[in-house]
Amino acid sequence: MAERVLIFVPTYNERGNAEKLFNAILALNVDADVLFCDDNSPDGTGGLLDSLAASHPRLRVLHRQGKLGIGSAHLDGIHYAYDNNYDRLVTMDCDFTHPPECIPAILEASRKADVAIGSRWIEKGSLPGWNLLRRFLTHFGHFLTRFFLGMPYDASGAFRVYALRSIPREAFQIVRSRSYSFFFESLFVLVRNGHTVTEIPIKLPARTYGHSKMTFRDASRSARLLYKIWLQHKLHPERFRTPKRIAVDPVLKDPQNWSPYWDRSADAAGACYEIVASIYRRLFIRSRLERALKRQFPKGARLLHAGCGAGQVDRNLHDAFDITAADICPQALRSYSQNNPRATRIEHVNILDLPYPPAVFDGVYNLGVMEHFPPEEITRILKQFCRVLRPDGKVVIFWPHRRAVTVLVIKALNLILRTFFGRKEALHPPEISLLKGRQEAAAFLQSAGLEMCAYDFGIRDGCVQAVIVGRKAALGSAAHEPTGSSPAPLATKH
C-alpha cells in the first residue's frame, strides 16, 4: 500500500506567495496532498486558497477564526494528519523561507529517523546576506537550545517531516506552547521520549525575513519559555514524557477511592504535601530501595512492584531488573508510565487477586502499602506474593512503623489542617495497620508461608520505614490460596 504524505503550510497574509508555493510543490511531482491553514488573513489569502482547491482535488484548506499563533496552527495541522491517517507530515513556511525543491530530499531523509529537519547549521554560508544583529540573535538562540535543552539540532526551524507511524499522537499533546516556541518545545519532547532526529542542510536567504512575522517580543517570550522548559525538566522530568497506553480492566473498582488523591491540581494543601512527599521519596526512600533490591536480587531478576503507585522510586531500577508494575488505580499507572519511560510492563491489577501463574517472579516489593489494609487482607496479600514467587524468591516490604518520623509528621499535618483550616479529608486513606515491630512482621510473613530473613528500622535510616525481607519457605506453597474477605483495591503513591 502506498505511503500517504501530507504537506502542511500555515498562512497569514500570504496572498502573494500561496499560489506560487503551491505551483512549485505541484512541479515536484511528489505523491502528496497539500493542506493550507489560513488564520482569516485580511489580504484574502483564504479566499484565494479556496479557489485553488476547487480545481485541485489534492489541495485542502483549513480556515481558523483569527491569528491564533504559529504553534497552534502547526498543532492543528498535526492533528489533521493523524485524523486522516497520513504516514508522513511535511511542515514548511509559505514565504519560500523553506525551499520547496528540498521536499524530496527531506522526505527521503525522514525514512532514516522519526523526525527530519531542514537545518541552517550544517553548512557554512547558509545565512547569505543577513545583517550582524539578526545573525547574532539567531546564533544566540541556537546556543541557548544547545546549552539548556541539550539539542544540537536546528530546533527553531519549521521545515520538518514527522514519521507519524513512529510518533504517538500523545507526544504532541504534551506540548504547551502555541507560538514560535512550539518548535523547540515539540522537538525537546520528541527527543526526550527517545525519537530519532536527522537533518539535511538548507539555506535561508535574507530576503525571506522581509516578510517575517516574528517580533522581538516573540523572541523574548520564546527565550523565557526555553528557560522555563529547562527548569521544569530538572524538577519534573515526567512532564515531558509520553504516557504509555495502559489497558484498564473495567471490572476492577476502587472502593478506597484513591482517585482524588491523584488530582492535586485543585487542592493547595494536597499539592504542597505532594511536593514535600516527592522530595522525601527522592532523598530518603529511593536510595534505600535501590540498596535493598540490589542486595537481595541479581541483575536481571524478574520483580513485581505490587501497588506501584507513581513509581518515583523506580526510575533507576529498570536497567538493573525486569520490573512488572501493578496497581488498581489507572491514574497511578499513568503517572508511573510518565515517571518510568523505560518500563515495559505496567498492568492494571488487584494485588489481593494477582492474575499471574504460580512461581513466575524472583521477587516482589512494595512501599507504603500494608498500612492501609486490615490484618486479614495483609495476610491475603502476602499469600498472593508467596504464590507467584519462585522457590527461594523474596519479598521486600517498606512498612511504616507506628513510631516512624513520617507517621508522626503526617498525623500532625492532618491535625493542623483539620483544626485550623477546616479540612475534613486526610492527606491519604487511613493507615489502619501501622507496624508494631519485628515480631508482628515475622508473624505476618509466617502466616503466608514466608520466613523473615532481614528486618531494619532505626536511627541509621532516620526512623522512616521498617524494611522487611522475607523468603519463600521450603513449604511456602503450602500456604495455599488466599482466603478471607473479598478483594479490596490498592493504590499507593510513591
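## Strands that pair

Two strands count as paired if DSSP finds at least two bridges between them. In this predicted model, strand 1 and strand 4 (residues 88-91) meet that rule, pairing in the parallel sense over four bridges.

Seven strands form an open sheet with mixed pairing, and their order is 3-2-1-4-6-5-7. At the edges are strand 3 and strand 7 (197-201), each of which pairs on one side only. From one strand to the next, the twist averages 20°.

## Helices against the sheet

Helix 2 packs on the sheet, where it touches strand 1, strand 2 and strand 3. The direction of helix 2 makes about 150° with that of strand 3.

Helix 3 (residues 70-83) is worth a look too. It lies across strand 1, strand 2, strand 3, strand 4 and strand 6 (160-163), and runs at about 155° to strand 1.

Which residues of helix 2 (residues 45-55) are buried? They are T45, G46, L48, L49 and L52. Looking down the axis of helix 2, you would see these buried residues fall within an arc of 160°, so they line one face of the helix. An α-helix has 3.6 residues a turn, so residues three or four places apart point the same way.

The cover over the buried residues of helix 2 includes strand 1 (5-11), helix 1 (15-26), strand 2 (33-38) and strand 3 (59-63). On the face turned away from the buried side, helix 2 carries the exposed residues A54 and S55.

Notes
Residues are numbered from 1 along each chain as its sequence is written. This is a predicted model: local features need pLDDT of at least 70, side-chain atom pairs count only at pLDDT 80 or more; totals for chains, interfaces and linings use all residues. Side-chain values use heavy atoms; hydrogens and water are left out. Buried means under 20% relative accessible area, exposed over 50%, partly exposed in between (1.4 Å probe, protein chains only). Helices (H or I, at least four residues) and strands (E, at least two) are DSSP runs, numbered from the N terminus. The arc is that of the directions from the helix axis to the C-beta atoms. Contact means heavy atoms within 4.5 Å. Axes are lines fitted to C-alpha atoms, for helices over the stretch in contact, and angles run from 0 to 180 degrees between N-to-C directions.
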